[in-house]
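Visitor: I would like to ask about the terms used for this model, and on what grounds each one is applied. Please show it first.

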Protein chains: 4
Amino acid sequence: MTFSTRPQAEPRSAYKVFRDISTRWADNDVYGHVNNVVYYSWFDTAVNGLLIERGALDIHAAGEGHVIGLVVETQCNYFAPLSFPDAVVAGVRVAHIGSSSVRYEIALFPSDQEQLCAAKGHFVHVYVDRVTRRPALLPPRLISVLETFR
Amino acid sequence: MTFSTRPQAEPRSAYKVFRDISTRWADNDVYGHVNNVVYYSWFDTAVNGLLIERGALDIHAAGEGHVIGLVVETQCNYFAPLSFPDAVVAGVRVAHIGSSSVRYEIALFPSDQEQLCAAKGHFVHVYVDRVTRRPALLPPRLISVLETFR
Amino acid sequence: MTFSTRPQAEPRSAYKVFRDISTRWADNDVYGHVNNVVYYSWFDTAVNGLLIERGALDIHAAGEGHVIGLVVETQCNYFAPLSFPDAVVAGVRVAHIGSSSVRYEIALFPSDQEQLCAAKGHFVHVYVDRVTRRPALLPPRLISVLETFR
Amino acid sequence: MTFSTRPQAEPRSAYKVFRDISTRWADNDVYGHVNNVVYYSWFDTAVNGLLIERGALDIHAAGEGHVIGLVVETQCNYFAPLSFPDAVVAGVRVAHIGSSSVRYEIALFPSDQEQLCAAKGHFVHVYVDRVTRRPALLPPRLISVLETFR
């Protein structure tokens, strides 16, 4: 951990779209704060929820499409604790759209009012052909939605 | 499972207080619907959230109070599937307040509009002395809040 | 909660098949013991693990079979706390095999040596036609495995 | 994602201590494989389990010590899918011991036989004074255990 280059909390203005997350009793661990693992379930929830709402992901056809998105990397930095029963707001932006991959960056804000995030991270989806498992092009409909998250 | 006596879905009017629950990507299991286990995390979340909001439970003093509530029984009946990313509303009522125990009954509604619950269940808290683990009286502040959930 | 009829902890001899469960850090809640919700994830894990091992459930064909098992009821009684990092042993028995339903009863033992369970409960699966959602007969292969759990 | 520098799967020989992880039904998501979030709960479980076993972490005093370890960063790369009901083995090594921080690196192997990991990642703990929240020295007992994980 080199302090000179360590990640910094970002403001809400650094993110493009937002989604409310409600915390749960089980999110808190023995220390009384949301466990570090739970943040990743919020990343999935924020991004997939946004994609579903905008018609870029059909969850009920999840097992049927020709291409599927595989998570190849996830990462998170934690700046301040979050706790149930507080509400959380997830901010999302798309940092990179490749031919067969997309990088989502997500920040978690303690409330609607708070300007600095309590944590931020990213995950990378690589799209592959369901059968051959070789890299596949991002679906056009997905790309058009992703462009609005840049 | 005797069909003549099997539990029936209840309407919203059978519950006293309500709390919004937002579903998560990880709630859905391999069948594409919220896994049966997750419903119980919503029971905890709805009841404890209501108690905290009303000053009847101090989560940060969770390890410090003289008496603690132990869950001794939980139960749930499932009538219809729920799925991420749909919103859920939890209805709560208190069915029994004993000298050292309380029975919460919870129903989960698929949305604000839906009148019949998709699932309902209960859990029983028994309060005990933290040290001796013998049954203890419900705290007066808790009782006064519970009375409003009847 | 009528104390005269309240459920009692049962010995290992009351169960037919066993499966080791390893606890996880996140199983413990703010009180330092396994949260009541987690027990149900162990019920699913023990029963489905046994069914898969014995060829009665094909998880990769989960979305493809003609009939599917829906959970219609779950229940659990808690007698003593369990905590990470302790190992747990799940005991399973089949209490009822109907034409289209099966009732699993599960107990959780704190270790290989402990004779009395820390919790016990049940869940009921009803099998339905995937398309029509009307009750369907239990698959013959499943029945033959279930008979060995009685 | 620059392919020339992308992370590579490592062999078991690159890790120092190992711990068995049993998968759970709920670990699989709608795609039939263990969800990316679950891997982090295994990281916590493997490291904290090892620390508890060796006397370097007292979970029941978790709320009482003068210093506490805060997770400030987590990261994971995924190379191949894992699925319930398969067993998993976690390999752990300590990559850095600072005055107030420690970096754990963890890999997940699909079985006792498999030499290449299915995923690998890390998390960084920073120790702080419970009250002032300023960085604190690692406890000597912890350091002596960590040295054996290098």
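Visitor: Where is A:Arg133 placed in chain A?

Guide: A:Arg133 sits in the loop between strand 5 (119–129) and helix 2 (140–147) of chain A. Helices (H or I, at least four residues) and strands (E, at least two) are DSSP runs, numbered from the N terminus. Residues are numbered from 1 along each chain as its sequence is written, while chains are lettered from A and ligands numbered from 1 in the order in which they are written. The model is predicted: local features need pLDDT of at least 70, side-chain atom pairs count only at pLDDT 80 or more, and totals for chains, interfaces and linings use all residues.

Visitor: What is the phi of D:Arg133, and is D:Arg133 buried or exposed?

Guide: D:Arg133 has a positive phi of about 60° and is not a glycine. With 11 C-beta neighbours inside 10 Å, D:Arg133 counts as exposed.

Visitor: Which peptide bond is cis in chain B, and where does B:Pro85 lie?

Guide: The bond from B:Phe84 to B:Pro85 is cis, with omega near 10°. B:Pro85 is in the loop between strand 2 (67–78) and strand 3 (87–97) of chain B. In chain D, a cis peptide bond joins D:Phe84 and D:Pro85, with omega about 10°.

Visitor: What makes chain A as compact as a globular protein of its length?

Guide: The test compares the radius of gyration, taken over C-alpha atoms, with the globule rule, 2.2 Å times the number of residues to the power 0.38. For 150 residues the rule gives 15 Å, and chain A has 16 Å, which is close, so chain A is as compact as a globular protein of that length. Chain A holds two helices and five strands, in the order β-α-β-β-β-β-α from the N terminus on. Of its 150 residues, 44% are buried.

Visitor: How many residues of chains A and D are in contact?

Guide: Contact requires C-beta atoms, placed from the backbone, to lie within 7 Å. By that rule 22 residues of chain A are in contact with 22 residues of chain D. Strand 2 of chain A gives the largest share of the chain A side, nine residues.

Visitor: How do you know that strand 2 of chain A and strand 2 of chain D pair?

Guide: Strands pair if DSSP finds at least two bridges between them. Here there are five bridges, in the antiparallel sense. A:Cys76, for one, has D:Thr74 as its bridge partner in strand 2 of chain D.

Visitor: Why are chains B and C said to be related as by a two-fold rotation axis?

Guide: Copies are superposed by least squares on the C-alpha atoms of residues with pLDDT of at least 70 in both. Chain B can be laid on chain C with an RMSD of 0.0 Å by a turn of 180° and a shift of 0.0 Å along the axis. The two copies are therefore related as by a two-fold rotation axis. In chain B, the C-alpha nearest the axis belongs to B:Gln75, 2.0 Å from it.

Conventions:
Buried ≥ 20, exposed ≤ 12 C-beta atoms within 10 Å, placed from the backbone. Contact = placed C-beta atoms within 7 Å.
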